[in-house]
Amino acid sequence: MKALLIVTLSCLIWHAGAQGQRKPSTSNHPCGELTMFDSHPLTDLALGVQRQLREAVRPDILAIIHDPGMGIDTKLRDIKLDAVQIPRPAKTGSLYAVHWGDARFGVNGGIWIVEVKVKANRARNIGPQNPGWSFNGWGMQVLSSSNEPYPELMFASKGFHEAGGPEAEAVCTQKQGPTYTSASCPVGCSARLNAR
């Protein structure tokens, strides 16, 4: 009887894994399991998606390039971007975090959240709506279920302790109204991020 129970449980676990029906790891380790932007170049995506993502963040990138205080002399076509697809229900379209990690920004690059409707052939930036403004960081984690059309996100960025010295800072965001805005992070988020 005990052997039958073990075999049955093993089959159920294998079946759930084979069907891709597993609990998101983010629920057990919020702010402790990061996806690094620089390991997801935009060029890995289909050409049509690349064009849509670039077009969606174009006004913000141009605002940064044309800001004399930024001191960035580059052409839009030469900018290398990263893009991480954010899990969500397929029927709602695709959601991406688009990252511009130019070395002149230091560790923290600009991050925009872009919604892509492939069939409608359009993409829109649903992050902060001030021209040239973005979230900042070098890594991210999805904090809520992939069943949500607009999951809560955490961006990891480099910051400093009040007493001095570097530390990782967590910036959490959730969609409120038409855009993603800053939100409170889960309890212990900063400690887990810095314990990595």
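The questions below go through the predicted model, from its confidence to its cores and disulfides.

Q: What is the mean pLDDT of the chain?
A: The mean pLDDT is 82. In this predicted model, 84% of the residues reach 70 or more.

Q: Which element has the lowest mean pLDDT, and which the highest?
A: Helix H1 (residues 2-18) has the lowest, 34. Strand S2 (residues 82-86) has the highest, 97. The pLDDT is below 50 over residues 1-27. Beyond near neighbours in sequence, that stretch has eight contacts in the model.

Q: How many helices and strands are there in the chain?
A: The chain has three helices and ten strands. Along the sequence they follow the pattern α-β-α-β-β-β-β-β-β-β-β-β-α.

Q: How much of the chain is buried?
A: Buried residues make up 37% of the 196 residues. The accessible surface of the chain comes to about 11500 Å². Carbon and sulfur atoms hold 55% of that surface.

Q: Why is Ser157 called buried?
A: Its relative accessible area is 6%. Buried means under 20%. Ser157 is therefore buried. Ser157 is found in strand S8 (residues 153-160).

Q: Which residues is Ser157 in contact with, leaving aside its neighbours within four places in sequence?
A: Among them are Asn108, Asn136, Gly137 and Trp138. Glu167, Ala168, Glu169 and Val171 are also in contact with Ser157.

Q: Which residues touch the most other members of the largest nonpolar core?
A: They are Leu53, Ile61, Leu81, Trp100 and Val114. This core has 18 residues. Helix H2 (47-65), strand S3 (94-100) and strand S4 (109-117) each give two or more residues to this core. H2 gives the most, with seven residues. In soluble globular proteins, nonpolar side chains tend to be buried together.

Q: Which residues is Val114 in contact with, leaving aside its neighbours within four places in sequence?
A: The contacts of Val114 include Leu53, Ala56 and Val57. They also include Ser94, Leu95, Tyr96 and Val98. Ala123, Arg124 and Asn125 are in contact with Val114 too. There is also a second, separate core of 14 residues. Phe37, Ile86, Leu153 and Tyr180 are among its members.

Q: Which residues of H2 are buried, and what covers them?
A: The buried residues of H2 include Val49, Gln50, Gln52, Leu53, Ala56 and Val57. Asp60, Ile61, Ile64 and Ile65 are buried as well. The cover includes S2, S3, S4 and strand S5 (122-125).

Q: Where in H2 is the kink?
A: The kink lies at Arg58, shortly before the proline Pro59. Its angle is about 50°.

Q: How do you know that Cys31 and Cys189 form a disulfide?
A: Their sulfur atoms are 1.8 Å apart. The cut-off is within 2.5 Å. The pair therefore counts as a disulfide.

Q: What makes the pair of Cys31 and Cys189 tie parts together?
A: Cys31 lies in the loop between H1 and strand S1 (35-36). Cys189 lies in helix H3 (residues 189-195). The pair therefore ties together parts that are 158 residues apart in sequence.

Q: Why does Cys31 count as buried?
A: Cys31 has 0% relative accessibility. Buried means under 20%, so Cys31 counts as buried. Cys189 is buried too.

Q: What is the phi of Cys31?
A: Cys31 has a positive phi of about 75°, although it is not a glycine. Most residues other than glycine have a negative phi.

Q: How do you know that Cys172 and Cys185 form a disulfide?
A: Their sulfur atoms are 2.1 Å apart. That is within 2.5 Å, so the pair counts as a disulfide. The torsion about its S-S bond is about 115°, so this disulfide is right-handed. Cys172 is in strand S9 (residues 166-176). Cys185 is in the loop between strand S10 (179-183) and H3.

Note on methods: Residues are numbered from 1 along each chain as its sequence is written. This is a predicted model: local features need pLDDT of at least 70, side-chain atom pairs count only at pLDDT 80 or more; totals for chains, interfaces and linings use all residues. Side-chain values use heavy atoms; hydrogens and water are left out. Helices (H or I, at least four residues) and strands (E, at least two) are DSSP runs, numbered from the N terminus. Buried means under 20% relative accessible area, exposed over 50%, partly exposed in between (1.4 Å probe, protein chains only). Contact means heavy atoms within 4.5 Å. A nonpolar core is a set of buried Ala, Val, Leu, Ile, Met, Phe, Trp, Tyr and Cys residues joined through side-chain atoms within 4.5 Å. pLDDT is the predictor's confidence in each residue, from 0 to 100. Accessible areas come from the Shrake-Rupley method with a 1.4 Å probe; for residues, only the protein chains shown count as cover. The bend at a residue is the angle between axes fitted to the seven residues ending there and the seven starting there.
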